[in-house]
Amino acid sequence: MIELVTDLILTYIATITFGILLNVPRRGLNMAGWIGTLSYLAYKLCMLTSLGMALSNLIGALLIGILSMQTARFKKMPVINFNIPALVPFVPGGQAYQMVKNFALGDNSLALSYLLQVVIIAGAIAFGFLLAELFNRLQARLMLKLSSRWRHENRHNPRL
Amino acid sequence: MSNNRGHLMIKTALHAGRIMIESGSEVARVEDTINRIAINAGFPDSKVYVTITGMMMSISGEENAQIEPVSSRTIDLEKISLVNDYSRQFAAGSISLEQFDDLLTKLEQNPPYFSFWLQLISAGLVSGTLEVVFRNNYQDFLITCVIGLIGWAVFYGVNQLARVRFLSEFLASVAIGAMAILAVRANLGNSVDDIIIGSVMPLVPGVPLTNAVRDILAGDLVSGIARGIEALMSAIAIGSGIAMILQVL
């Protein structure tokens, strides 16, 4: 339990500091940190209920995509300000390193198994983003039907 | 007269687009912004073609399309947000086309950066915190922070000198690998693996990778594949740097 809480605090710090490296505007940093922390919490809970690596990463990425888009609309900032820093705790850095190390030391079969893990995680994250994009477009369609303010603001958007 | 205004519109729109692509924006967003500028300036039927190495734009029915090459690409999300804000202000009518162009020139001359020291400290904190999150190794937190910080400094310094991102990433990861192994030999840390995994995190090509996926999903296949190769090259540069140092030391 304590480990989970410290992990979450460290994730928040990591997300914000990675945002600083990418030069995210100051007014977006805090929200990026919260999105990163929340989606990492969802990922951890999925891992604890043994949903498996791929599904947990997919759910985490899905949450990042949806929350980032809501924040971007609310703050009127580009969505990449939020989803790229928030993605940092999901990077399969450990597996990628083990892959490189085992290739370098000549243990190719172990390296290949790590390569497969990296591919699975990356694919799960990409599909999570895809599903989030689907959700965002559905939401936009629905809002266009329901709200006249939305229709006015998005009247020139060719993607809707 | 309308031709003059059209000319200014194309110049401003391409200027905005170039700044956005240079700062690491995805192609669909640039096309969207340029189209909005054109519509708000009174040219709803202009055409634009954007890739991550150059842009073309014309007003339908008139000659003289214009080309804008994009030669350098860095990562600076603040610039993208600012161009976005200016475009919104222009759409709301609170700045004119001339003021818009002036603001873009000003943005390019003195870009708002976080100070170098803040970036260094951030790089250190990213390394240390992610090392603990990934590996649960609390003893190596401080040494990972220090090595990640020095690694980012090497990356930044070589990038200033040579302006080749892949070379900077390669040299930074070589430095990180060497320092991690030496630190463990000097009993400053416990696990070479954990220290390297943490310290490499600030160099991860997150922006090209995410943009590659988004570009391909949006149908900008040329730009998506080019960006995917960019991300792959970064990953190979980092990986081969680490692999080399692991074999040597």
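**The second largest pocket**

Tutor: Sorted by class, the residues lining the second largest pocket are 33 nonpolar, 6 polar and no charged. The model is a predicted one.

Student: What is the volume of the second largest pocket?

Tutor: The lining of this pocket counts 39 residues, and those closest to its centre are Pro92(A), Ala96(A), Val118(A), Leu209(B) and Ala235(B). The volume of the second largest pocket is about 1,100 Å³.

Student: Which element gives the largest share of the lining of the second largest pocket?

Tutor: From chain A, helix H4 (80-87), helix H5 (93-105) and H6 each give two or more residues to the lining of the second largest pocket. The largest share is 9 residues, and the element giving it is H10(B).

Student: Where is Val204(B) placed, and which residues does Val204(B) touch?

Tutor: Val204(B) sits in the loop between H8 and H9 of chain B. Its C-alpha atom is 7.4 Å from that of Ala235(B), although the two are 31 residues apart along the chain. Leaving out residues up to four places away in sequence, Val204(B) touches Phe18(A) and Val91(A).

**Cavities**

Student: How many residues of each class are in the lining of the largest cavity?

Tutor: Searching the whole structure gives 3 cavities of 30 Å³ or more. The largest cavity holds about 130 Å³ of space. Its lining by class is 6 nonpolar, 5 polar and 2 charged residues.

Student: Which residues that line the largest cavity are the closest to its centre?

Tutor: Helix H3 (53-75) and helix H6 (108-146) of chain A, together with helix H9 (206-218) of chain B, are the elements giving two or more residues to the lining of the largest cavity. The lining has 13 residues, of which the closest to the centre are Gly65(A), Asn83(A), Phe129(A), Glu133(A) and Arg214(B).

**The two chains**

Student: How many helices and strands are there in chain A?

Tutor: The C-alpha atoms of chain A fill a box of roughly 60 × 30 × 30 Å along the principal axes. From the N terminus, the elements run α-α-α-α-α-α-α. The count for chain A is 7 helices and 0 strands.

Student: What pattern does chain B follow along the sequence?

Tutor: For chain B, the C-alpha box along the principal axes is roughly 75 × 35 × 30 Å. Chain B has 10 helices and 3 strands. Read along the sequence, the pattern is α-α-β-β-β-α-α-α-α-α-α-α-α.

Student: Which three residues supply 16% of the area that chain A buries against chain B?

Tutor: The contact joins 47 residues of chain A to 53 residues of chain B. About 4,400 Å² is buried between the chains, with 66% of it from carbon and sulfur atoms. On the chain A side, the three residues supplying 16%, more than any other three, are Leu21(A), Asn23(A) and Tyr97(A).

Student: How far apart are the closest N and O atoms in the salt bridge of Asp193(B)?

Tutor: The interface of chain A and chain B has 2 salt bridges. In one involving Asp193(B), the partner is Lys101(A), and the closest N and O atoms are apart by 3.1 Å.

**Inside chain B**

Student: What area do domain 1 of chain B and domain 2 of chain B bury between them?

Tutor: The domain assignment gives domain 1 (2-109) and domain 2 (116-248), and their C-alpha centres lie 33 Å apart. The contact takes 11 residues from domain 1 and 12 residues from domain 2. Carbon and sulfur atoms carry 53% of the buried area, which is about 930 Å².

Student: Which side chains meet in the salt bridge between the two domains of chain B?

Tutor: Glu26(B), Ile52(B) and Ile75(B) supply 49% of the area that domain 1 buries against domain 2, more than any other three residues. The interface of the domains has 1 salt bridge. At 3.1 Å, N to O, the side chains that meet are those of Glu26(B) and Arg214(B).

Student: Why are Glu22(B) and Arg18(B) separated by about one helical turn?

Tutor: The side chains of Glu22(B) and Arg18(B) meet in a salt bridge at 3.4 Å, N to O. Both residues belong to helix H1 (residues 2-22) of chain B, and they are about one helical turn apart because their spacing there is 4 residues.

Technical notes: Residues are numbered from 1 along each chain as its sequence is written. Chains are lettered from A and ligands numbered from 1 in the order in which they are written. This is a predicted model: local features need pLDDT of at least 70, side-chain atom pairs count only at pLDDT 80 or more; totals for chains, interfaces and linings use all residues. Side-chain values use heavy atoms; hydrogens and water are left out. On a 1 Å grid over the protein atoms alone, a cavity is a set of points where a 1.4 Å probe fits but cannot get out, and a pocket is an open set with protein on both sides within 12 Å along at least five of seven lines; lining residues have an atom within 4 Å of a point. Grid points are joined across faces, edges and corners, and a volume is the space filled by probe spheres set on the points. Ala, Val, Leu, Ile, Met, Phe, Trp, Tyr, Cys and Pro count as nonpolar, Asp, Glu, Lys and Arg as charged, and the others, Gly among them, as polar. Domain bounds come from an automatic or database domain assignment. Contact means heavy atoms within 4.5 Å. Buried area is the accessible area (1.4 Å probe) that two parts lose on being put together, summed over both. A salt bridge is a side-chain nitrogen of Lys or Arg within 4 Å of a carboxyl oxygen of Asp or Glu.
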